Amino acid sequence: MLDTIEWGRFEAVCEALFAQPGVEVQSQSHGAQGGVSIWLYSRDVQGSVTVVRCKQSHGKAVDVRELRTFLSELGSHQLKRGTYATTETFTAAARQFAEANGIRPLDGADLFKMISVRSLEEQQALLREAFDGDYWRPMCASCGVKMVERTASQGGVRFWGCSTYPHCKLRLPMVDNLRQLSLLVE
């Protein structure tokens, strides 16, 4: 499921997953390439409690560089801990860095474990969130509109392009499973 939905749906599922009684969530998007930061606030404590960075990785393990950037974000907000959630895995060096620096690494398997302990109603709500609308077609991180499938004039490579082109020229690589789903839906 996590690899078949577009990045905006993945971030919405993460936001719903981390929302729980007594906790308020606010998200700050960094677009398709940067993921989203979900700020968790306790109703009993002033200020944010922690931050969860959610990023869909499509077959690429999270490396130390990405966690260093996240640690810097935590430090700029005087936070001592955070969670980095991804659809994939973490490199061994990234896991070691995370553990040494107060970052909780959550890979795809960990996210499924979190989902599995939720009630049946909560699990169904998460599925509805995941498969809402054109869940397989990515959103443009710049414009917030759904992208369209395009083919490069030279080389014939397929990619996602912003539907407002030429106003916005943002492009995303075509991920095979998303393209296959788009063909089934059409």
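A crossing of two helices is left-handed if the near helix is turned anticlockwise from the far one by less than a right angle, and right-handed if clockwise. That term is needed further on, for the packing of the helices. The structure is a predicted model, in which local features need pLDDT of at least 70, side-chain atom pairs count only at pLDDT 80 or more, and totals for chains, interfaces and linings use all residues. Residues are numbered from 1 along each chain as its sequence is written, and side-chain values use heavy atoms, with hydrogens and water left out.

The secondary structure of the chain comes to 7 helices and 8 strands. Helices (H or I, at least four residues) and strands (E, at least two) are DSSP runs, numbered from the N terminus. The chain has 186 residues, of which 42% are buried. Buried means under 20% relative accessible area, exposed over 50%, and partly exposed in between, with a 1.4 Å probe and protein chains only. A contact means heavy atoms within 4.5 Å. Among the contacts in the chain with a separation of 6 or more, 48% are between residues 24 or more positions apart.

Two packed helices are described by the angle between their axes and the distance between the axes. Axes here are lines fitted to C-alpha atoms, for helices over the stretch in contact, and angles run from 0 to 180 degrees between N-to-C directions. Angles under 35 degrees count as roughly parallel, over 145 as roughly antiparallel, 65 to 115 as roughly perpendicular and the rest as oblique.

The axes of helix α1 (residues 7-18) and helix α6 (residues 120-130) come within 8 Å and cross at roughly 155 degrees. At this angle α1 is roughly antiparallel to α6. The crossing of α1 past α6 is right-handed. On the α1 side the contact is made by Arg9, Ala12, Val13, Ala16 and Leu17, and on the α6 side by Leu126, Glu129 and Ala130.

Helix α1 also packs on helix α5 (residues 108-116); their axes come within 11 Å and cross at roughly 50 degrees. This makes α1 oblique to α5. Here the crossing is left-handed. Phe10, Leu17 and Phe18 of α1 meet Leu111, Met114 and Ile115 of α5.

The strands come next. Strands of a sheet pair through backbone hydrogen bonds, either parallel or antiparallel. In this account, two strands pair if DSSP finds at least two bridges between them. Strand β4 (residues 82-86) and strand β5 (residues 103-106) run parallel and are joined by 4 bridges. Between them the chain passes through helix α4 (residues 92-100), and this β-α-β crossover is right-handed. A crossover is right-handed if, with the strands pointing away from the viewer, the path from the first strand over the helix to the second runs clockwise. Glycine 82 has isoleucine 103 of β5 as its bridge partner.

Threonine 83 is found in β4. With a relative accessible area of 8%, threonine 83 is buried. Threonine 83 and arginine 104 are 21 residues apart along the chain, yet their C-alpha atoms are separated by 4.5 Å. Leaving aside neighbours within four places in sequence, the contacts of threonine 83 are Phe18, Val51, Val52, Arg53, Phe70, Arg104 and Leu106.

Another group of strands forms an open sheet of 3 strands in the order β6-β7-β8, with antiparallel pairing. β6 and β8 are the edge strands, each pairing on one side only. From one strand to the next the twist averages 35 degrees. Strand β6 (residues 147-151) is joined to β7 by 5 bridges, and glutamate 149 has tryptophan 160 of β7 as its bridge partner. The hairpin of β6 and β7 has 6 residues between the strands, and in it glycine 155 takes a positive phi near 100 degrees. In β8, proline 173 is the bridge partner of phenylalanine 159, and leucine 172 is that of tryptophan 160. Strand β7 (residues 158-162) is largely enclosed by the rest of the structure, because 4 of its 5 residues are buried.

Lysine 146 lies in the loop between α6 and β6. At 27% relative accessibility, lysine 146 is partly exposed. Cysteine 162 is 16 residues from lysine 146 in sequence and 7.1 Å away in space, C-alpha to C-alpha. Not counting residues up to four places away in sequence, lysine 146 touches Glu6, Asp134, Arg137, Pro138, Met139 and Ser163.
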